[in-house]
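Thanks for coming. Please have a look at it first.

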Amino acid sequence: MSRPAFGGGDLPAVFPDWSPYQDLESAARAYLRDPDVAMEALNGVLKGAAVLGFTLERFVNEVNGVWQEVAICDGSRLILWHGEDVPPDDGPAGSMTSSLRVVPVSTVSEVGCRRRLSRTQNGQIRVDSIDVYLLLSSLDEGVPGDEAHLPPRHDALRFGKTLDDGGAGQIARLEEFARLVASVVGRPTL
């Protein structure tokens, strides 16, 4: 099964599993469409810092094509890279954006993790999906138009995996990432 990709090519509807790879470079090369772009941007900020944990996301957007994301925790920072195909009317065929964001862990005010559990026929409990949010002390960008009268909201980073979108391995790795960030939130940095 495949979905049409931006530019007329076909991309597999199910991407390779990155969860068996413990190092970022190997996981990115196995999973991302543009690992060289991502790793160049990330390595420019990491500058040899240890990657304590990470999570990856990739999906096909019906409008823009491929959307990719890497989130890394090095103990004091969250380093986020995201690449996205540009819509056909916004640039030449094959164009994409590459964005980098660095957030101090000290700005994370809350970590939330919701797991959906189900019982198998033999009674064992399994995790079907996980949703993780990291609430930041910064404010979300204002919404133009009719919603401008709403009070400002705190910025949040959101991540999710399901059995159908990522599988059990990626669910476990995302939960591991959430626990890592939760373990360093509120601790003094050196």
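Two strands count as paired if DSSP finds at least two bridges between them. Helices (H or I, at least four residues) and strands (E, at least two) are DSSP runs, numbered from the N terminus. What you see is a predicted model, in which local features need pLDDT of at least 70 and side-chain atom pairs count only at pLDDT 80 or more, while totals for chains, interfaces and linings use all residues. Residues are numbered from 1 along each chain as its sequence is written, and side-chain values use heavy atoms, with hydrogens and water left out.

I start with β5. Strand β5, residues 77-85, runs antiparallel to β6 and is joined to β6 by 9 bridges. Within that pair, Gly83 has Ser98 of β6 as its bridge partner, and Glu84 is partnered by Thr97 of β6. On to β4: 7 bridges connect β4 and β5, again antiparallel. Here Trp67 has Glu84 of β5 as its bridge partner. The hairpin of β4 and β5 has 3 residues between the strands, and in this hairpin Gly75 takes a positive phi near 100°.

Now the whole sheet. It is open, with 4 strands in the order β3-β4-β5-β6 and antiparallel pairing. β3 (53-61) and β6 (96-104) are the edge strands, each pairing on one side only. On average, neighbouring strands of this sheet are turned by 10° against each other, direction ignored. Axes here are lines fitted to C-alpha atoms, for helices over the stretch in contact, and angles run from 0 to 180 degrees between N-to-C directions.

What lies across β4, β5 and β6? Helix α2, residues 35-46, does, running at about 155° to β5. Contact means heavy atoms within 4.5 Å.

Last, the chain as a whole. There are 3 helices and 9 strands, and from the N terminus on the elements run β-β-α-α-β-β-β-β-β-β-β-α. Of the 190 residues in the chain, 37% are buried. Among contacts with a separation of 6 or more, 53% come from residues 24 or more positions apart.

That is what I have; I can take questions now.

Notes:
Buried means under 20% relative accessible area, exposed over 50%, partly exposed in between (1.4 Å probe, protein chains only).
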